[in-house]
Amino acid sequence: MTTIIETRNLTKIYGGHTRAVADLNLSINEGEIYGLAGPNGAGKTTTINMLITRIAPTKGTAIVAGFDIVKKSLEVRRVIGVVPQDFTADEDLTGRENIMMVSQFYDVPRAKARENVENLLKLVDLEDAADRLVRTYSGGMRKRLELIIGLVHDPRVLFLDEPTLGLDIQTRTQMWNYVRDIQKKLGVTIILTSHYLEEIDALADRVSIIDHGKVLITGTPAELKGSLKGDIINLTLSDQKGVDIMKTMPDVIEVADAGPNAVRIKVANADEALPRVINYISSHELSTVKLTVEKPSLDEVFLEYTGRSIRDDEGGADARKMAMNLRRART
Amino acid sequence: MSGLWPLTVRELKKWIRNPTFFFTGLIQPIFWIALFGSAFDITKFFPSASGSPLLSGAPNYITYIVGGVLTTMGLFTAMFAGTQIIFDRRLGPMGRFLSSPIRRSSIVFSKIISSVIRIMPQVVILVIAAYLIPNGLKFVHGFTVLDVLVLATAIILVAFIFSSIFSVIATRMTNMQSIFGIVNLVNLPLMFVSFAMFSKEMMANWLADIAQYNPVSWSAESIRMVIINGNLTASQWMQVGRWLGALAALAAGLLLLTAYLAEKEIRD
């Protein structure tokens, strides 16, 4: 597998002391969907902005599709596609005019551009709306338009920054299908940042969790979830005596109190451990009130590695931006 | 590669498609010449002024003032060239431009060029309106192709100069109110501290001293010279050449400055 993006001690320091990104080393393979997850201010957007040559690194560099982002920024821009968080299409032009204009930015020959536009519009089901002013599009349509504007010049790498921020659940799932389709049909490498960890779980082949400008862990979503070493079985019993007995259960990773008459049992694999837990309960003649199984999601992985929940700081700039985008798009 | 062409086409499409923007722009010259031509008519203040040095030999005030009104109209339209940059930044398209492999100065130059183009039909309408209104524009000594060229050159240069200045200011601004504030601060001074509406003889000395360095004066005076005199003498041509030369030099300087600053300073 060939590496298409490699960062080498990539660093961005703002105002002489704020280290937004610190000696970041990433290696991204051609053709994969690579997720970047992290809380607000973790350095995701700064990293992306350096990779797309919108800002220059303070130290270190990165190689994108064979070009150095510091020395060959123009070449980098030509081989990458960008789908920013915000809407960038001109509302006073039609969808098609927007795509054609951006094609001209990349010197795509006119005939080729026309052909591309048709294919791309079809890919995200925008053929019927193509000749309407973007002003009349819904939020989901505008996101889809942004998605294909980033693809007009057949880029080798596509950067997707929060592709579904502010969209409703149904539209989000639809967007995921479009992203998968694009990856499959065009074979483009996709770098995805998202607040929604289930989105990264659903789309990404590999993911890096970033905080304080550093990579905390990298792996496939399955590996990361597996790294937590354990599923959780929550058990509520009818009395405290039962709790004490449960705490003596052998062959589990850990049994901890979880409120009145409740325990939280950590096991390697809940599917296999559950019958043992039930046997243990019945052999000690305990009566249970409630039994639930928790499989770790990326949210738990995130919590484990960053020490905070990704939802904690959602009142920040992203939420404001989201509200602004929503106001601008008729939904 | 440079992106200048698609960006300029975009600006012009937006202009033509916005009926309010388009038609008010076309009606404006008629208002201006009719109102300014009457309001500032110095021959009404001083009935003896007709044909006197106060009008530099023009048969009436409209003929005298056309060059000034054309220039101020170019100036006022040009001063808003920068606002589109702020809109692009606030509404998102700037993000797209900055991540594309285009020259960053193209973003700014597309505003300047489209602003200059938008002024052209206004110029034509204003000249026609001035000609048609009662006691209006009179070409006593004829009007040659060369005179038309002088008029067009002066307006294009003035429009370019002020579009550049205000676009450069806008490259670092995020707030629409700031640019409107600056426009309001300088528009009337630029218009009145110039020979656009009144001749040197009617001004306080200190005002006339400043006005002679105002590019608005250079443009207004060169247009006035060809409109009033038709076929110019050699010394009159020299004078027009000096004015247009000064405008061209200033425009060239601003072209370089804009190119440099736009590449360096334009931000999201």
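Two residues are in contact if their C-beta atoms, placed from the backbone, lie within 7 Å. The views below show a predicted model.

**Figure 1. The side of chain B that touches chain A.** In this view, 18 residues of chain B are in contact with 20 residues of chain A. Two elements of chain B give two or more residues to that side: α1 (4-17) and α6 (93-98). The top contributor is α1(B), with six residues. Sorted by class, the chain B side has eight nonpolar, five polar and five charged residues.

**Figure 2. Chain A as a whole.** Chain A holds 12 helices and 15 strands. Its C-alpha atoms fill a box of roughly 80 × 45 × 35 Å along the principal axes. Of its 331 residues, 42% count as buried. Among contacts in chain A with a separation of 6 or more, 70% join residues 24 or more positions apart.

**Figure 3. The largest nonpolar core and a second one.** The largest nonpolar core has 142 residues. Within this core, A:Phe159 and B:Val158 touch the most other members. Helix α8 (residues 145-170) of chain B gives the most to the core, with 14 residues. In soluble globular proteins, nonpolar side chains tend to be buried together. What does A:Phe159 touch, not counting residues up to four places away in sequence? Its partners are A:Ile48, A:Leu51, A:Ile52, A:Ile80, A:Val82, A:Val83 and A:Ile191. A second, separate core has 11 residues, including A:Leu237, A:Val243, A:Met246 and A:Val263.

Figure 4. Strand β9 (residues 189-193) of chain A is mostly covered, with five of its five residues buried. Both faces are covered. On one side sit A:Thr189, A:Ile191 and A:Thr193, and on the other A:Ile190 and A:Leu192. Strand β4 (residues 33-37) of chain A pairs with β9(A) in the parallel sense, over four bridges. Here A:Gly35 stands opposite A:Leu192. Strand β8 (residues 157-161) of chain A also pairs with β9(A) in the parallel sense, over five bridges. The bridge partner of A:Leu160 in β9(A) is A:Leu192. From β8(A), the chain crosses through helix α6 (residues 169-186) of chain A to β9(A). This β-α-β crossover is right-handed.

**Figure 5. Positive phi at A:Asp125.** A:Asp125 is not a glycine, yet its phi is positive, about 55 degrees. The residue lies in the loop between α4 (110-123) and α5 (139-149) of chain A. Is A:Asp125 buried or exposed? A:Asp125 counts as exposed because it has 12 C-beta neighbours inside 10 Å. The cut-off for exposed is 12 or fewer.

**Figure 6. Positive phi at A:Asn261.** A:Asn261 is a residue other than glycine with a positive phi, near 60 degrees. It is found in the loop between β13 (254-257) and β14 (262-267) of chain A. A:Asn261 has 18 C-beta neighbours inside 10 Å, so it counts as partly exposed.

**Figure 7. A buried loop residue, A:Pro57.** A:Pro57 is in the loop between α1 (44-51) and β5 (59-64) of chain A. Why does A:Pro57 count as buried? It does so because it has 24 C-beta neighbours inside 10 Å. A residue is buried at 20 or more. Not counting residues up to four places away in sequence, A:Pro57 touches A:Leu10, A:Thr11, A:Lys12, A:Met50 and A:Val70. A:Thr47 is 10 residues from A:Pro57 in sequence and 8.9 Å away in space, C-alpha to C-alpha.

**Figure 8. B:Val240 in a helix of chain B.** B:Val240 is found in helix α12 (residues 234-265) of chain B. It counts as buried because 23 C-beta neighbours lie inside 10 Å. Leaving aside neighbours within four places in sequence, B:Val240 is in contact with B:Val150, B:Ser222, B:Met225, B:Val226 and B:Leu232. B:Leu35 is 205 residues from B:Val240 along the chain, and their C-alpha atoms are separated by 28 Å.

Key. Residues numbered from 1 in each chain as written. Chains lettered and ligands numbered in written order. Nonpolar A, V, L, I, M, F, W, Y, C, P; charged D, E, K, R; others polar. Core = buried A, V, L, I, M, F, W, Y, C linked by C-beta atoms within 7 Å. Pairing = 2+ DSSP bridges. Right-handed = clockwise from strand over helix to strand, strands pointing away.
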